[in-house]
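Work through the following exercises with the sequence and the model at hand. Each task is followed by a solution in steps.

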Amino acid sequence: MGSDWIDLKGATLLSVDLFTCPERWTDGLVPLNKAPVGVRHRFERNGAAYLFWIGTAYGNYIREADDLWVGLNVDPDNVADLELVGSLTA
């Protein structure tokens with residue numbers, strides 16, 4: 001287990017952002033209509049910031065799919081294509 005995962009223990013949750021992907025991976029399906037496919041959690045511990053992502057994915061792309069994508073302090077490859085649909089702050 002990497003040190004970032006260990007450092008996350010005891011961190012304070014600052015916010016949670018919900019994302020959708022404007023296009024679906026599979027042709028012929030109805031639009032997602034802003035249904036979330038990914039969640040980014042922002043944490044802080046001892047002045048250090050952490051990002052924890054989880055979402056449905058295909059490879060390193062968060063979108064409507066049947067795989068799971070998890071990342072700590074790394075963004076999915078298509079982060080620029082994702083659309084923010086909701087945020088919660090602690």
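## Exercise 1: Asn-60 and its contacts

Task: In this predicted model, list the residues that Asn-60 touches, leaving out those up to four places away in sequence.

Solution. Apart from residues up to four places away in sequence, Asn-60 touches Trp-69, Pro-76, Asp-77 and Asn-78. With Trp-69 there is a polar contact, made between the side chain of Asn-60 and the side chain of Trp-69 at 3.1 Å. To place Asn-60, look in the loop between S3 and strand S4 (61-62). The relative accessible area of Asn-60 is 39%, so Asn-60 is partly exposed.

## Exercise 2: Aromatic pairs

Task: State how many aromatic pairs there are, and classify each by its geometry.

Solution. A pair of aromatic rings is described by the distance of the centres and the angle of the planes.

Step 1. Rings pair if their centres lie within 6.5 Å. By this rule the count is two aromatic pairs.

Step 2. Trp-5 and Phe-52 have ring centres 5.7 Å apart and planes at 80°, so this pair is edge-to-face; planes over 60 degrees apart fall in that class. Trp-5 lies in helix H1 and Phe-52 in strand S3 (residues 48-58), so the pair ties together parts that are 47 residues apart in sequence. Phe-52 counts as buried because its relative accessibility is 18%, and the cut-off is under 20%. Trp-5, at 37%, counts as partly exposed.

Step 3. For Phe-19 and Trp-53 the ring centres are 5.1 Å apart and the planes stand at 35°, so the pair is tilted. This pair also links distant parts of the chain, with Phe-19 in strand S1 (residues 12-20) and Trp-53 in strand S3, 34 residues apart. Both Phe-19 and Trp-53 are buried.

## Exercise 3: A nonpolar surface patch

Task: Which residues form a nonpolar patch on the surface, and where is Trp-5 found?

Solution. The patch consists of Trp-5, Ile-54, Leu-68 and Val-70, which together have about 360 Å² of accessible area. Trp-5 is found in helix H1 (residues 3-8). Patches are made of residues with over 30% relative accessible area, and Trp-5 has 37%.

## Exercise 4: The surroundings of His-41

Task: Is His-41 buried or exposed, and which residues is His-41 in contact with beyond its neighbours within four places in sequence?

Solution. His-41 belongs to strand S2. The relative accessible area of His-41 is 16%, so the residue is buried. Leaving aside neighbours within four places in sequence, the contacts of His-41 are Leu-13, Ser-15, Val-16, Tyr-50, Leu-51, Phe-52 and Ile-54.

Note on methods. Residues are numbered from 1 along each chain as its sequence is written. This is a predicted model: local features need pLDDT of at least 70, side-chain atom pairs count only at pLDDT 80 or more; totals for chains, interfaces and linings use all residues. Side-chain values use heavy atoms; hydrogens and water are left out. Patches are made of residues with over 30% relative accessible area and no salt bridge: like charges are joined within 9 Å, nonpolar side chains (Val, Leu, Ile, Met, Phe, Trp, Tyr) within 5 Å. Accessible areas come from the Shrake-Rupley method with a 1.4 Å probe; for residues, only the protein chains shown count as cover. A salt bridge is a side-chain nitrogen of Lys or Arg within 4 Å of a carboxyl oxygen of Asp or Glu. Helices (H or I, at least four residues) and strands (E, at least two) are DSSP runs, numbered from the N terminus. Buried means under 20% relative accessible area, exposed over 50%, partly exposed in between (1.4 Å probe, protein chains only). Rings of Phe, Tyr and Trp (its six-membered ring) pair if their centres lie within 6.5 Å; planes under 30 degrees apart count as stacked, over 60 as edge-to-face and the rest as tilted. Contact means heavy atoms within 4.5 Å. A polar contact is a pair of N or O atoms within 3.5 Å; within protein, one must be able to donate a hydrogen and the other to accept it, and residues adjacent in sequence count only if both atoms are side-chain atoms.
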